[in-house]
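Here is a short briefing to read beside the structure. Keep the chain in view as you work through the points.

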Amino acid sequence: MARYKLLIEYHGGPYQGWMRLPDTPTVQGALEEAAAALDGAPVEVYGAGRTDSGVHAMGQVAHLDLAIDRPGKVADALNAHLRPHPIAVLKAERVDADFHARFSAKARHYRFVIINRRADLTVERGLAWRISPKLDARKMHEAAQGLLGTHDFTTFRDVECQAKSPVKTLDKFDIARYGDRIECTLSAQSFLHRQVRSMVGSLVEVGRGKRDARWLMDILAATDRTACGPVSPPDGLFLEKVDYD
């Protein structure tokens, strides 16, 4: 068997997340159906991150083992079987048998897009979170810096999260405004279930002037999920990149 590392882009709107579920459209399920059609046998696809329902990816990474050993043809062949799914394999390359898309990853990078305007979204509908009230992106950025480092992120962890520990190290959390567009960029080795959406939703409360940075630190220290602010919708969240050695 030949192991392939895949670089994948997808629109998460039609799917109930990455992870395979019975009788439910998922990204992993669509990829495994395409791989099975290519290989003539069931194939399991392993992803670097289990994105939530409606979350998108520009740089998801996965691996799978195939009987065929034709690296130059795998991406095109998978894409042919994926149509008309909004999923594209951008690259497929042979890797060593000990490579694992999830466990070999050293860092994951996410971007959350907010469009701060009164008018409804058109071109970016489903690809951003529209917020009408004016947000102070500078205050959001300043408050976000208090989340950097190693913490118990229980407050920002979904109750159904399956991670063994709520302790994570957040390496980057930048928030910047570009006209009506506010971008939140985050980096860590790994994230908890709904951690990004929970942190962004809470920071929007700071941006609206309803809360301050001290409140954000207080709810982090509480290690209590019920203390979390509103959770953002999935529309604006993108898995942008996964780093490996």
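**A helix, a run of strands and a pocket**

Helix H4 covers residues 195-207, which makes 13 residues. From its first C-alpha to its last it reaches 18 Å, close to the 18 Å expected at 1.5 Å a residue. Keep in mind that this is a predicted model.

**Helix H4**

- How many residues of H4 are buried? The count is 13 of 13, so the helix is mostly covered, where buried means under 20% relative accessible area.
- Glycine 209 follows H4. The phi of glycine 209 is positive, near 85°.

- Strand S7 (residues 149-152) runs antiparallel to strand S8 (residues 167-178), and 4 bridges join them.
- One place to look is glycine 149, whose bridge partner in S8 is leucine 170.
- S8 also pairs with strand S9 (residues 181-188). This pairing is antiparallel too, and it has 8 bridges.
- Isoleucine 175 has cysteine 184 in S9 as its bridge partner.
- What do S8 and S9 form? They make a hairpin, with 2 residues between the strands.
- Glycine 179 sits in that turn, and its phi is positive, about 65°.
- When you trace a strand, recall that in a regular strand the side chains alternate between the two faces of the sheet.

**The largest pocket**

- The largest pocket holds about 1100 Å³ of space.
- Its lining has 35 residues, and the closest to the pocket centre are Gly49, Arg50, Phe191, Leu192 and His193.
- Which elements give two or more residues to this lining? They are strand S5 (107-116) and H4.
- H4 gives the most, with 3 residues.
- By type, the lining residues of the largest pocket divide into 14 nonpolar, 12 polar and 9 charged.

**The annotated domain**

- An unreviewed UniProt entry carries the annotation "domain: Pseudouridine synthase I TruA alpha/beta". According to that entry, the annotation covers residues 10-103 and 143-245.
- Residues 10-103 are 27% helix and 23% strand. The end C-alpha atoms of this span are 22 Å apart.
- Residues 143-245 are 24% helix and 30% strand. Here the end C-alpha atoms lie 32 Å apart.

How values were computed. Residues are numbered from 1 along each chain as its sequence is written. This is a predicted model: local features need pLDDT of at least 70, side-chain atom pairs count only at pLDDT 80 or more; totals for chains, interfaces and linings use all residues. Side-chain values use heavy atoms; hydrogens and water are left out. UniProt positions are given in the numbering used here, feature names are shortened, and annotations may be inferred rather than shown by experiment. The expected span of a helix is 1.5 Å times one less than its number of residues. Buried means under 20% relative accessible area, exposed over 50%, partly exposed in between (1.4 Å probe, protein chains only). Two strands pair if DSSP finds at least two bridges between them. On a 1 Å grid over the protein atoms alone, a cavity is a set of points where a 1.4 Å probe fits but cannot get out, and a pocket is an open set with protein on both sides within 12 Å along at least five of seven lines; lining residues have an atom within 4 Å of a point. Grid points are joined across faces, edges and corners, and a volume is the space filled by probe spheres set on the points. Ala, Val, Leu, Ile, Met, Phe, Trp, Tyr, Cys and Pro count as nonpolar, Asp, Glu, Lys and Arg as charged, and the others, Gly among them, as polar.
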